[in-house]
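Please keep the sequence and the model in view while reading.

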Amino acid sequence: MRKWLAEWPRVAAPLLVALLVLGGWEWAVRANNVPPYILPGPAAIGAALVRDWPLLWQSLLMTLQVTAMALVASAVLGLLLAIIFAQSKLIETALFPYAIILQVTPIVAIAPLIIIWVDQVWLALLLCAWIVAFFPVLSNTTLGLNSADPNLHDLFRLYGASRWQVLVRLRLPSALPLFLAGLRISGGLALIGAIVAEFVAGAGGAESGLAYRILEAGYQLQIPRMFAALALVSATGIAIFLALSLLSRWVLRGRD
Amino acid sequence: MAQSVLLSGVSKRYGNDPSGGTLALEGIDLAVEEGEFLSLLGPSGCGKSTLLRVIAGLIPASSGRVEVRAARHGETGFVFQDPTLMPWASAIGNVMLPLRLSGVPRREAEPRAAEALAQVGLSGSERARPRALSGGMRMRVSIARALVTRPRLLLLDEPFAALDEITRHRLNDDLLMLWEATRFTAILVTHSVFESVYLSSRVAVMAARPGRIAEELPVEAPLPRGAEYRTSTEYAALCRQASHALSRAMEAKAA
C-alpha cells in the first residue's frame, strides 16, 4: 500500500498529461470546426477504432506476426553471429564491417530490391524487419561476450576449462545483461522494420498489415481510421518494450 | 620435507620493444617447503602479484625455472583480491565451479561444495547470490571455492586488502585454522606487515623495479597463532623488523 502511494505519480502523472493533451486536442478541433479529413479529434479516432476493429485487428495480427518472427530471428541469429565473432578477433574484424553496412544502409532504400528478389511477401517483410532489428543484439552480445571478468577467465584457465566450458559457463552468462538490453532495442526496431517494409511492399488484400491500413485509409481520406491504425502501432511498440523490459528484469533477478 | 615450489632465476619481462620492455621480475630464487605458509610482502608495483601468477601458471616466466609440485588442475587454488564470484550463480554454485569444470557430476559436487562452505562458516547461505552477501562473506565463498578441490598449494593475492579491520582479523584466524586442518602449502601476497607476520612462518620481502626478493625473515612462533599473539612483544618486534626490511627494500628501489 505504501509502495503504491510512493509509486502512483509515476503512473498518474503521464496519464494526466495524456488527458490534458487529448482534451485540448478535442476542444481545439471542435472549437475551430476542423474537418475530420484534416484532423480528427480523439473521439472520432476512438469511434473509428471501435468501428473498424475487426479489420484493424486482422492487420495488427499480421504486423505482429512479422515483428515477432523478425525479433526471434534477430535474437537467434544475432546471438549465433556474436558467438562466431567471439571465437577469434580475426573473424570479428573480417565480418563486423559488413554487419555495420547492413545496419547503416537505409532500409527504405533496399526494401524495394528485397521485395523484387523474394517472391513470398511475408518472407520479404521478415527479411527487411530482421535487417533493421538484428544489429543491436549482435553488437551488444559481442560486447557482452568479451566483457567477462578477466580474473574469472584466469580462474577457468587455472582449472583447465575447455573453450566450450568457458563459453557456456562464463562468457554467455556474462553477456546476458547486454544481450537483453540489445533485445529491448531490437524489439522496437523489428516493429519499425516491419512497418517500413509493408509501406514499400504496399501489399493489399486480406493479408495486409497495419502500415497498409494507414496507406489505404490515406487514399480513401478515412483520416480517423488512419490515426486509429497509427495509435495501434504506437501501442504495439510500447507493449513490446514493456514486455521485453519485464523479461529482462525477470531473467536478471538476483544479479548485481 | 619436500619442496612444493622451487623457482630459480625466474624473470618476467613485459613487452619486447628495443628498449627491453618492462622488467617485472628479475632473478627470483625461492623455495617453498610443502606445508609452509609463506608471505610475499612488498610495496605495490613490486611484482608480487606477477610472481604469484607465474607460480600459478597463469603467465609464463620469461626465463628461469619454475617447478611446482601441484601442477594438475585442482591441485592449485587461487584467491584473488576481489572475491571474483559469478554474480549469476549462488554461493554453492560458485564453490562447485572447480569441481564441475573437471567433470565431477553435480550430485557429487554439491555435498563437497556444501562442506567447503561449512568450513568457512557459511552453512545456511548456500543458495544466496553474491549480491546478497557482505564483503567478508563473499571472500569466504571465494576461499571455499579455492579449497573445494583440496589443493596442495593455495595462492592468495591480497585477499583481505579490501576488508575492514575486524573482518580481516577474523578471516586471518579462520584461514590459519583451515591451513592447520589440511596443511596445504600457502603463499600469501600482501602489503600489510602485520598480516604477513601474523599469518606466516616466513616472510619474503620484495623490492620493486625490477621485482626481486630483497630479504627473508623467518617467523618462529608456532602456527596457528591466537589473538594474544597480536599483542605479544615478540610479534611487535618481528613487525618492526619486517617494517624496516620493507623500508630498506623501498629505498633500494629509489637508488
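Which residues in H3(A) meet which residues in H10(A)? In this predicted model, A:Leu56, A:Leu60 and A:Leu64 are the residues on the H3(A) side, and in H10(A) they meet A:Ala228, A:Ala229, A:Leu232 and A:Thr236.

Two packed helices are described by the angle between their axes and the distance between the axes. For helix H3 (residues 53-87) and helix H10 (residues 223-251) of chain A, the angle is about 40° and the axes lie 11 Å apart. Because angles under 35 degrees count as roughly parallel and those from 65 to 115 as roughly perpendicular, H3(A) is classed as oblique to H10(A). The handedness of the crossing of H3(A) and H10(A) is right-handed.

At the level of domains, the assignment for chain A gives domain 1 (1-32) and domain 2 (40-251). Taken over C-alpha atoms, the centres of domain 1 and domain 2 of chain A are separated by 30 Å.

Between the chains, 17 residues of chain B are in contact with 16 residues of chain A. On the side of chain B that touches chain A, strand S5 (76-79) and helix H2 (91-101) of chain B each supply at least two residues. The residues of that side of chain B consist of nine nonpolar, five polar and three charged.

The backbone also deserves attention, since most residues other than glycine have a negative phi, and most peptide bonds are trans.

| Residue | Phi |
|---|---|
| A:Leu221 | near 55° |
| B:Glu158 | near 45° |

Is A:Leu221 buried or exposed? A:Leu221, which is placed in the loop between helix H9 (210-219) and H10 of chain A, has 11 other C-beta atoms within 10 Å, and because a residue with 12 or fewer such atoms counts as exposed, A:Leu221 is exposed. B:Glu158, in the loop between strand S6 (153-157) and helix H5 (165-182) of chain B, has 21 C-beta neighbours inside 10 Å, and because the cut-off for a buried residue is 20 or more, B:Glu158 counts as buried.

Finally, a cis peptide bond, with omega about -10°, joins B:Arg209 and B:Pro210. B:Pro210 lies in the loop between strand S8 (202-207) and strand S9 (212-218) of chain B.

Technical notes:
Residues numbered from 1 in each chain as written. Chains lettered and ligands numbered in written order. Predicted model: local features only at pLDDT ≥ 70, side-chain atom pairs only at ≥ 80, totals over all residues. Contact = placed C-beta atoms within 7 Å. Helix = DSSP H or I, 4+ residues; strand = E, 2+ residues; numbered from the N terminus. Nonpolar A, V, L, I, M, F, W, Y, C, P; charged D, E, K, R; others polar. Domains from an automatic or database assignment. Axes fitted to C-alpha atoms, helices over the stretch in contact; angles between N-to-C directions. Parallel < 35°, antiparallel > 145°, perpendicular 65-115°, else oblique. Left-handed = near helix turned anticlockwise from the far one by under 90°.
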